[in-house]
Amino acid sequence: MLIGPERLFYAGLLGRPGVRNLGGIAIYVASAGQIVVRAGGGPDRVGSCAVVPAYMPHVISAEARDILALKIEPETVDPCGLPGFIRQVLTVPDTAGIVDAPDVVARVRAAHSALAARAGSACPPAHAFDRSFFGAAIPSRPMDWRIRAVVRAAPSDVSAFPSAEACAVSVDLSVSRFLHLFRDQTGVSFRNWRAWKRARISLAHVNRNPNLAHLALDVGYPDQTHFSRSIRNIFGLRPRDIVAGSRRLDIRLTDGILPPGLAPAGASALR
């Protein structure tokens with residue numbers, strides 16, 4: 001699994017997830033055979049590649065045990081600069097699910113093979129990630145500097161998560177103005193964005209069989225019950241099931257994705 005502040009890539013067991021509600025634009029590619037996706041209350045669609053907009057509930061299953069999955073943080077990219085097969089789905093959400101993109105399937109599978117052959121390599125920065133998986137870098141999203149400061153702090157500063165009040169103070173805005181500006185600039189409420197970022201950070205620890213109660217507190221949840229419920233609502237799996245299926249997962253991080261005290265032992269990091 002590659003974990004960067006703006007991109008994420010996972011190659012491994014899919015399991016049997018329930019409804020997922022991810023905060024990233026999700027691109028799924030079958031490692032072999034086909035996948036079945038039901039998104040946003042639409043019908044089941046079958047094929048080898050699927051796109052689901054951020055924050056859209058969906059269910060996925062696969063013929064093979066494994067899946068290749070990419071996540072793009074939507075607030076980091078210019079929607080007009082996204083690859084055509086993704087932009088089409090975001091423009092017409094009713095088309096979410098399977099897309100006809102054989103070139104994308106071939107490129108993602110080839111990029112995965114190349115990564116697997118480079119043991120110990122780190123997660124590349126966004127522009128290099130995009131060139132590997134999509135053939136070209138995706139332009140960044142224009143954004144008010146105050147909201148950009150909060151967004152950029154999120155991957156490495158879990159103290160940004162406890163409240164909108166703390167974030168508003170950090171950029172010298174009133175809470176109401178901050179919340180309005182945040183939604184306007186990112187397209188999502190601060191509450192939903194914060195829930196996704198918290199859950200996303202926890203993925204960096206899934207291969208070290210962590211103490212879930214300690215991890216919940218480390219990444220800003222009030223207790224393990226809240227943590228377990230949130231993770232299941234977002235990823236469609238219980239934290240303990242994610243951990244059980246990830247013990248041999250090779251996690252590669254970019255530098256700064258986690259503060260030093262939270263960096264998982266043995267994880268690759270780009271210096």
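## Nonpolar cores

A nonpolar core is a set of buried Ala, Val, Leu, Ile, Met, Phe, Trp, Tyr and Cys residues joined through side-chain atoms within 4.5 Å. In this predicted model, the largest such core has 68 residues, of which Ile27, Tyr28, Phe85, Phe133 and Phe134 touch the most other members. Strand E3 (residues 25-30) supplies the largest share of this core, with 6 residues. Apart from this core lies another, of 16 residues, and its members include Ala164, Phe178, Phe182 and Trp193. In soluble globular proteins, nonpolar side chains tend to be buried together.

The surroundings of Phe133 can be listed in detail. With neighbours within four places in sequence left aside, Phe133 is in contact with Leu2, Phe9, Leu70, Arg107, Val108, Ala111 and Leu115.

Strand E1 (residues 2-3) pairs with E2 in the antiparallel sense over 2 bridges, and a hairpin of 3 residues joins E1 to E2.

Strand E2 (residues 7-13) also runs antiparallel to strand E8 (residues 66-72), to which 7 bridges join it. Within this pairing, Ala11 stands opposite Leu68 in E8. Strand E2 is mostly covered, as 5 of its 7 residues are buried.

## Aromatic pairs

The structure contains 10 aromatic pairs. One of them, Phe178 with Phe190, is edge-to-face, at 5.5 Å centre to centre and with 70° between the planes. Phe178 belongs to helix H6 (residues 175-186) and Phe190 to helix H7 (residues 190-202), so this pair ties together parts that are 12 residues apart in sequence. Phe178 and Phe190 are both buried. Another edge-to-face pair is formed by Tyr221 and Phe227, at 5.1 Å centre to centre and with 65° between the planes; both of these residues are buried as well.

Ring pairs also link Phe178, Phe182, Phe190 and Trp193 into a cluster. The ring of Tyr221 has a charged neighbour: Arg198 lies over its face, at 5.5 Å from the ring centre.

## Cysteines

A search of the whole structure finds 0 disulfides.

How values were computed
Residues numbered from 1 in each chain as written. Predicted model: local features only at pLDDT ≥ 70, side-chain atom pairs only at ≥ 80, totals over all residues. Heavy atoms only, no water. Disulfide = S-S within 2.5 Å. Phe/Tyr/Trp six-rings, centres within 6.5 Å; stacked < 30°, edge-to-face > 60°. Helix = DSSP H or I, 4+ residues; strand = E, 2+ residues; numbered from the N terminus. Buried < 20%, exposed > 50% of the residue type's maximum accessible area, 1.4 Å probe, protein only. Lys NZ or Arg CZ within 6 Å of the ring centre and 35° of its normal. Contact = heavy atoms within 4.5 Å. Pairing = 2+ DSSP bridges.
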